[in-house]
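Please examine the protein shown below.

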Amino acid sequence: NAYDEHDRDLLLAFAGQAAISIQNARLFGETQRRTEELGALNRIVVSASQILDLESLLNTVMHHTMEISGFKSGLVSIYDETDRELKLITHDGLPQPIQDSLKTKGFSNTLCEYVYQNHNVLALPDLRVESPIDVKGLIANNILSYFGMPLEAKGCVIGTLCMFNQE
């Protein structure tokens, strides 16, 4: 045997140091990710405190949320009590046919309406695999993943924040 007990102890010490280095690198990466998330959340809070216009505020929140989550397009809808339907408040990155459909047909039978009616977050990583409603129109426009959440104020759901990706 070419290795003695001293060599074994030395290798164990190196292995221990390597394990600590790997753990430190993982913790550093996690800390950086958390710092970026907290920075984005701070930008949302700062923006919210400076914006008086609801549409501008919701647009800012949507963009910061898209930035944090990595989604490429999104929209915010608010329930209109008079017309008794969701109304598009702001959007970004939506394919033109989707924009046109929302403007002409509204939110009837959409994932955003589903989220609003069920008062629950809905995450669908692959629309081709599962969806609670028909999403052929989204898929036809290369929208393949979805995340939607109800917007609440004073304990009532007032609208939705919906985000989409083409992957």
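The questions below concern the sheet and the core of this predicted model.

Me: What is the order of the strands in the open sheet?
Reply: The sheet contains five strands, and the pairing is antiparallel. Its edge strands, strand 2 and strand 3, each pair on one side only. From one strand to the next the twist averages 20 degrees. The order is 2-1-5-4-3.

Me: In the hairpin of strand 1 and strand 2, which residue in the turn has a positive phi?
Reply: Strand 1, residues 73-80, and strand 2, residues 85-92, are joined by seven bridges. Within this pair, I78 has K87 as its bridge partner. Four residues lie between the two strands, and the one in the turn with a positive phi, about 55 degrees, is R84.

Me: How many bridges join strand 4 to strand 5?
Reply: Strand 4 covers residues 145-153 and runs antiparallel to strand 5. Along this pair, P150 stands opposite T160. The number of bridges between strand 4 and strand 5 is nine.

Me: At about what angle does helix 2 run to strand 2?
Reply: Helix 2 comprises residues 54-69. This helix lies across strand 1, strand 2, strand 4 and strand 5. Its angle to strand 2 is about 60 degrees.

Me: Which element supplies the largest share of the largest nonpolar core?
Reply: This core has 20 residues, and F164 is among those with the most contacts inside it. Helix 3, helix 4, strand 3 and strand 5 each supply at least two of its residues. The largest share is four residues, and these come from helix 4.

How values were computed
Residues numbered from 1 in each chain as written. Predicted model: local features only at pLDDT ≥ 70, side-chain atom pairs only at ≥ 80, totals over all residues. Heavy atoms only, no water. Core = buried A, V, L, I, M, F, W, Y, C linked by side-chain atoms within 4.5 Å. Buried < 20%, exposed > 50% of the residue type's maximum accessible area, 1.4 Å probe, protein only. Pairing = 2+ DSSP bridges. Axes fitted to C-alpha atoms, helices over the stretch in contact; angles between N-to-C directions. Contact = heavy atoms within 4.5 Å.
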